[in-house]
Structure formats: structure tokens, C-alpha cells
Amino acid sequence: MSRQTLLFALLLLVALVAWQLGKVELVPETVVKTEHYQPDFVARDLVTTRFDINGKRTERLESSYAEYYQTLEQATFEQPVVYMFDEQGDAEWKVTAENGVLNTDDNVILRDKVHLDGLLPDSFISTLDTPYLELDLVTQDVRSNRQVNILGRDFQTQGVGLKGHLDRKYFELLDQGHAIYFNEKR
């Protein structure tokens, strides 16, 4: 009987040790918290127009689909079209893109197939194409850090990076710029 008791005690001791070793807590994996923002409102076929204090149109924004996020203070757009109007109320510039973001400080970031058209007959620039463009709706400053192609009445130019001002008709290519000028025979 003592042999059985000793064997039983040994078995109980092994079970107790195994139970204590099984209680070892595993370090939990670090969970990366990702934020999933839901839009506060969604719009399809959005058209919005902004007027100055005198009632003249300054900008018009169209989009096939838009989402507004209050916490991020921004709106996202699909197929945005931005029209900028001159002092007489005529559409002077039209900017289109595949995607866009409007921040609360009236800064528009346009991505993918950005195309700017000069709509007035005496416009210095006919078209501007780039994959990325930042446009400040208040100051009318434009910036890009990507490849830019500009076609004007008497020239064609391209380069990398752009800074300019739509109202002052000032555009500067920042790097790798080269141009072709067209001279008509007189």
C-alpha cells in the first residue's frame, strides 16, 4: 500500500506542477487601433456655389459623389470640377480631377488626372495637366510637386513642381523645366 500511496502522491505532485506551469500567462499581442471614420453626410451629384459679399460668384464646385467628415474637418470628392470666376462673373478657370479633398481652410487637394482649363479667350494658359495639384480657393495660389505640362497660346512647357497664382497669371516650374515657344510669321 505504501508503494501505491507513494505513486499516487507522485502523480498528484506531477499534476500540480503541470497545472502551475499551465497557468503561465501569454503576453497579449499588441492591438493596433485603427480609426474608422464614418462620414457625417454623403451627397451625390453635388453642386455648391460660393458668392462674395457683393453677391458675385467666386467659385463653383461640382462632384459626382462627396463625403463630409466633421471630426476631420474635410470633405472628399469623386470627379470634382472646380470653376473659378473673375471679377465680371465670367468663368475664368475650370479644374477637373478624379479625386479631391477640401479642407476647412478652403484648400483643395486634387489627385489623379488633374486638368486645368483657361476658359477666357485671352487666357495666358490654355491647359495645365498634372497628377497632383493644391489650390487655395481664397488666395488662388496653386502648387504641385509632380510632373506638370502647360500649354499656352504661344508656348508649351513641362517640368517637375509648380507654384503659381491664378489671379495674377503667374506660374513657375520648379525643376527640370523646358519650353517650346511658337512664333507666328508676320
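Does Glu73 count as buried, partly exposed or exposed, or, put another way, what is its class at 45% relative accessibility? Glu73 counts as partly exposed, because its relative accessibility is 45% (buried means under 20% relative accessible area, exposed over 50%, partly exposed in between, with a 1.4 Å probe and protein chains only). The model is predicted: local features need pLDDT of at least 70, side-chain atom pairs count only at pLDDT 80 or more, and totals for chains, interfaces and linings use all residues. Residues are numbered from 1 along each chain as its sequence is written, and side-chain values use heavy atoms, with hydrogens and water left out.

The overall form of the chain comes next. Along the sequence, the pattern reads α-β-β-β-β-β-β-β-β-β-β-β. The radius of gyration is 31 Å, well over the 16 Å that the globule rule gives for 186 residues, so the chain is more spread out than a compact globule. This radius is taken over C-alpha atoms, and the globule rule is 2.2 Å times the number of residues to the power 0.38. The C-alpha trace spans about 125 × 40 × 25 Å along its principal axes.

Surface and contacts were also computed. Of the 186 residues, 32% count as buried. The accessible surface comes to about 13,100 Å², and carbon and sulfur atoms supply 54% of that area (Shrake-Rupley method, 1.4 Å probe; for residues, only the protein chains shown count as cover). Contacts, meaning heavy atoms within 4.5 Å, were sorted by sequence distance. Among those between residues at least 6 apart in sequence, 36% join residues at least 24 apart.

The chain carries 19 positive and 30 negative side chains, and the centres of the two sets lie 4 Å apart. Lys and Arg count as positive and Asp and Glu as negative, while His and the chain ends are not counted. Each charge is placed at NZ of Lys, CZ of Arg, CG of Asp or CD of Glu.

Some of these charges pair up. There are four salt bridges (a side-chain nitrogen of Lys or Arg within 4 Å of a carboxyl oxygen of Asp or Glu). One of them joins Arg50 to Glu59 at 2.9 Å, N to O. Arg50 is partly exposed at 31% relative accessibility, whereas Glu59 is buried at 9%. Arg50 also meets Asp106, again at 2.9 Å, N to O. That pair links distant parts of the chain: Arg50 sits in strand β1 (residues 41-51), and Asp106 in the loop between β6 (99-103) and β7 (107-118), 56 residues apart. Asp106 is buried, with a relative accessible area of 18%. Shared partners join Arg50, Glu59 and Asp106 into one network. Glu62 and Arg60 form another salt bridge, at 2.7 Å, N to O. Arg60 is partly exposed, with a relative accessible area of 25%.

Most residues other than glycine have a negative phi. Glu73 is not a glycine, yet its phi is positive, about 55°. Glu73 lies in the loop between β2 (57-69) and β3 (74-78). Gln79 has a positive phi of about 50° and is not a glycine either. Gln79 is in the loop between β3 and β4, and is partly exposed at 39% relative accessibility. Gly89 belongs to the loop between β4 (81-85) and β5 (91-96). Gly89 is partly exposed at 22% relative accessibility. Gly89 and Thr71 are 18 residues apart in sequence and 34 Å apart in space, C-alpha to C-alpha.

Note on methods. Helices (H or I, at least four residues) and strands (E, at least two) are DSSP runs, numbered from the N terminus.
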